[in-house]
Amino acid sequence: MTNLLPMAQKSFNFQVVKNPDPMPADKRQEFVDKPVFGTVFTDHMVDVCWSERGGWHRPRVQPYGPIPLDPAAAVLHYGQEIFEGMKAYRHQDGSIWTFRPDQNALRFQRSAVRMAMPELPTEYFIQSLKELIAVDGDWVPSLPETSLYLRPFMFAKEAFLGVRPAKKIAFYVIASPVGPYFGGDAAPVSIWLSTTYTRAGRGGTGAAKTGGNYAASLLAQTEAADNGCQQVLFLDSVEGKYIEELGGMNIVLVYKDGTLVTPDSDTILSGITRDSVLSLAADRGHAVERRPITIEEWRTGVDSGDIVEAFACGTAATVVPIGQLKAQDFTIGSPDAPAGTVTMALRQELIDIQFGKREDTHGWMLRLDQ
Ligand code: PLP
Ligand code: COI
């Protein structure tokens with residue numbers, strides 16, 4: 001398997017403070033074998049500081065636990081915060097890998113720029129994942145479609161109530177054993193079309209992975225749940241007619257001629273899963289289009305039979321078929337719609353690459369445990 005990340009061989013000197021009271025192995029195994037998304041965390045976390053004067057410094061791996069924070073820390077008031085979502089996968093030979101971490105590192109840098117925060121160098125970002133796996137590797141599950149979710153994040157910790165970029169920032173990585181986000185069988189999900197709320201506006205922070213975007217989505221997500229849907233779909237905030245993305249995933253439509261179409265918008269997150277799935281589709285000979293799509297195009301396309309599948313994709317969810325879209329006054333599809341064949345083939349191919357069961361021809365996988 002290839003490892004095509006040509007990284008500078010820079011290495012940062014992480015101090016490792018071992019957890020004196022780690023979870024007992026039998027209890028850990030229970031959680032690892034039956035993971036529930038984002039509920040249980042490993043024994044350690046990465047903790048790195050940044051200050052305007054000292055730059056990135058004091059890289060540490062330390063016991064997982066509460067973070068001391070001044071009540072005036074800027075993040076608590078102005079939400080200067082960004083994060084990433086990635087997974088560590090255990091391969092059949094026991095080795096531990098992650099998927100396209102260079103892309104997460106780059107997106108973390110883009111999010112940092114948008115939120116007026118310092119950019120963490122890619123080498124530092126990737127080393128922090130390896131440092132955490134070096135102490136918490138036993139937490140990486142091995143059952144099918146389970147993995148260790150990695151959550152790098154950073155926030156403004158300077159205690160200061162003036163509104164300006166903070167001069168002190170904290171970077172952390174925590175990890176949690178997870179199974180499939182929507183449960184085991186990749187059954188089609190229902191999504192709710194929000195026409196009351198939008199997620200992001202032109203020139204706003206929609207393309208950054210920042211907590212505020214998710215806070216802004218919660219009420220709409222609650223509306224989705226009230227209507228029996230697992231996710232919410234947002235429209236653009238200017239004309240209210242172009243589809244954007246779901247609360248925590250991108251969206252792709254499949255046309256009957258095999259073309260895959262996904263929204264082209266600078267107010268959505270540029271998903272690494274979406275980019276990868278579209279590459280795999282192109283490898284299979286599918287045409288791929290990134291362009292604006294109206295909700296009307298989806299509706300009439302399904303009615304006419306031109307649009308035959310829709311799926312959501314993201315790190316947490318991988319690839320999930322969309323059975324139905326429900327809106328205030330119409331629905332597209334049906335909750336009982338079978339999962340599409342293109343969707344399921346791409347899903348399987350992606351998962352097989354991530355779990356080392358299929359050749360990684362794109363050089364997407366990076367080994368973390370060495
Ligand atoms: N869009 C949003 C709002 C997300 O939270 C995510 C998940 O991270 C995605 C899209 C998909 O991004 P990725 O495939 O990089 O996980
Ligand atoms: C991810 O897929 O990593 C996300 O951050 C989205 C969230 C729904 C967990």
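How many nonpolar, polar and charged residues does the shell around ligand 2 have? There are five nonpolar, three polar and two charged ones, where Ala, Val, Leu, Ile, Met, Phe, Trp, Tyr, Cys and Pro count as nonpolar, Asp, Glu, Lys and Arg as charged, and the others, Gly among them, as polar.

A quick word on the ground rules: this is a predicted model, with local features needing pLDDT of at least 70 and side-chain atom pairs pLDDT 80 or more, while totals for chains, interfaces and linings use all residues. Residues are numbered from 1 along each chain, chains are lettered from A and ligands numbered from 1 in the order written, and side-chain values use heavy atoms, leaving out hydrogens and water.

Back to ligand 2. Its surroundings include Phe 37, Phe 83, Tyr 181 and Thr 315 (a residue counts if one of its heavy atoms lies within 4 Å). For polar contacts (pairs of N or O atoms within 3.5 Å), look at the side chain of Tyr 149, 2.5 Å from a ligand 2 oxygen, and that of Lys 209, at 2.8 Å from an oxygen of ligand 2. The backbone of Ala 316 also puts a polar atom 2.8 Å from a ligand 2 oxygen.

Now for ligand 1, which has 17 residues around it, with Arg 107, Tyr 214, Glu 245, Thr 273 and Thr 315 the closest. Thr 315 brings a polar side-chain atom to 2.6 Å from an oxygen of ligand 1. By class, this shell holds six nonpolar, seven polar and four charged residues.

Note on methods. A polar contact is a pair of N or O atoms within 3.5 Å; within protein, one must be able to donate a hydrogen and the other to accept it, and residues adjacent in sequence count only if both atoms are side-chain atoms.
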